Amino acid sequence: MMIRQGTARAYTIPTDAPEADGTIAWNSTTIIVVELHAEDAIGLGYTYGHKSAATIARELIEKHCLGNDSFNTNAMFEAMRSSQRNYGSEGNGATALSAVDIALWDLKAKLLDQPLATLLGPIRQSAPVYGSGGFTTYTDSRLARQLLGWVEEGIYQVKMKVGTDPNIDPRRIEVARKAIGGKAKLFIDANGAYSRKQALYFADLARAEYDVIWFEEPVSSDDLEGLRLLRDRSPAGMEIAAGEYGWNARYLKKMMEAGAVDVIQADATRCGGVTGFMEVAAIADAHPLPLSAHCGPTIHMHLACAARPLRHVEYFHDHVRIESMLFDGFQFAQKDGCMHPDWDRPGIGIDFKRKDAEKYADKDGQ
């Protein structure tokens, strides 16, 4: 089952409207797609980030995957990570490794003719999700429409962005609460934009006035003391979450050991693919802490079915749109608020729509 061919390429897709969170704004999203060939199977992996990650991924494939047995996923993971010593294993290095690792696991599952969740050992048959978007660039009407749309689709947990302009955040949160009604759960995400004092103020306000139960990255994820402060002093019924920027399990382990969060987040497209995510899941289970999967709904759907401490998967607007455009077999969330893997399709259950993607391809890449 030797890996005989591999590719990685970046594709940049414009957003359907200007988007921003508490710290940055953007009008396009880049997905890096990796394909690995063995026998008559093609393993598919992906990540989101800068297009230069495709160059790193191609080098990792050439040096550490081609000619190797498809089933030696741990050996290839360790070889790839060790090789990054001189240029860094975080940032683009981490996203490139993650995409290749996902492709390796997808390839292994396809060669065994098993869904990835089955290969990993499922604990549940579907993945609970929460709708995520509510960008700070949205008008009040667009914000209300998006969040209410998820509730009407059966997703009774929704998240919005805050932090670009703290002066108007209370009004925007009020708009969101009125739109979704009293039964749906409302989350907010500051992406680290607030100071500690601002975050404490908004935690009390959002909980008391608008029944917000989830406050994500109220301060920077690098400020573990600040996160711990928020976790200790936030009102009852509100959870503090962070971890999406963790590039590996060791970083996320430090966050857990610091007592910085009520819920740890991890992103398989950043923290080491399937291998890295399942390592984080084991550490979270041992603490114990609930685990929430950040973005990338297609890959996380399968991991959610196998990860014991999994709370839910982020059903992120941009990534749902891109993955449904480019991946044949994409599974939309159903009325029960869950994504359901197609248990009759092997691997992560998708095929890449190369022709549809070509118009978005990085022309400088290969």
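**Close-up 1. The surroundings of G243 in a predicted model.** Not counting residues up to four places away in sequence, G243 touches S221, L252, M255, I264, Q265 and A266, where contact means heavy atoms within 4.5 Å. This is a predicted model, in which local features need pLDDT of at least 70 and side-chain atom pairs count only at pLDDT 80 or more, while totals for chains, interfaces and linings use all residues. Residues are numbered from 1 along each chain as its sequence is written, and side-chain values use heavy atoms, with hydrogens and water left out. You will find G243 in the loop between β8 (239–242) and α9 (249–257); helices (H or I, at least four residues) and strands (E, at least two) are DSSP runs, numbered from the N terminus. With a relative accessibility of 1%, G243 counts as buried; buried means under 20% relative accessible area, exposed over 50%, and partly exposed in between (1.4 Å probe, protein chains only). From G243 to S292 the C-alpha distance is 9.1 Å, although 49 residues separate the two in sequence.

Close-up 2. How far apart are the end C-alpha atoms of helix α3? They are 29 Å apart, which agrees with the 28 Å that the 20 residues of the helix (92–111) should span at 1.5 Å a residue; the expected span is 1.5 Å times one less than the number of residues. Of the 20 residues of α3, 19 are buried, so the helix is largely enclosed by the rest of the structure.

**Close-up 3. Helix α2 packed on α3.** Two packed helices are described by the angle between their axes and the distance between the axes. Helix α2 (residues 73–83) and α3 pack at about 170°, and their axes are 10 Å apart. Axes here are lines fitted to C-alpha atoms, for helices over the stretch in contact, and angles run from 0 to 180 degrees between N-to-C directions. The angle makes α2 roughly antiparallel to α3; angles under 35 degrees count as roughly parallel, over 145 as roughly antiparallel, 65 to 115 as roughly perpendicular and the rest as oblique. On the α2 side look for T73, M76, F77, M80 and R81, which meet L97, V100, D101, L104, W105 and K108 in α3. By class, this contact of α2 with α3 has seven nonpolar, one polar and three charged residues. In this scheme Ala, Val, Leu, Ile, Met, Phe, Trp, Tyr, Cys and Pro count as nonpolar, Asp, Glu, Lys and Arg as charged, and the others, Gly among them, as polar.

**Close-up 4. Helix α10 against α3.** The axes of α3 and α10 are 6 Å apart, and the packing angle is about 95°. That makes α3 roughly perpendicular to α10. Here S98, D101, I102 and W105 of α3 meet G273, V274 and T275 of α10. The contact of α3 with α10 divides into three nonpolar, three polar and one charged residue.

**Close-up 5. Helices α6 and α7.** Helix α6 (residues 169–180) and helix α7 (residues 196–210) have axes that come within 11 Å and cross at roughly 30°. That makes α6 roughly parallel to α7. Their contact is made by D169, P170, I173, E174 and R177 of α6, together with F202, L205 and Y210 of α7. Five of the contact residues of α6 with α7 are nonpolar, none is polar and three are charged.

**Close-up 6. W150 in helix α5.** Is W150 buried or exposed? At 7% relative accessibility, W150 counts as buried. This residue is found in helix α5 (residues 140–152). Leaving aside neighbours within four places in sequence, W150 is in contact with G131, S132, G133, I155, V158, Y315 and H317.

Close-up 7. Most residues other than glycine have a negative phi, and most peptide bonds are trans. D113, in the loop between α3 and α4 (116–120), has a positive phi near 55°. D113 is exposed, with a relative accessible area of 57%. E217 has a positive phi of about 40° although it is not a glycine, and is buried, with a relative accessible area of 1%. Its place is the loop between β7 (212–216) and α8 (224–233). Finally, a cis peptide bond joins H287 and P288, with omega about -5°; P288 is found in the loop between α10 (273–286) and β10 (291–293).
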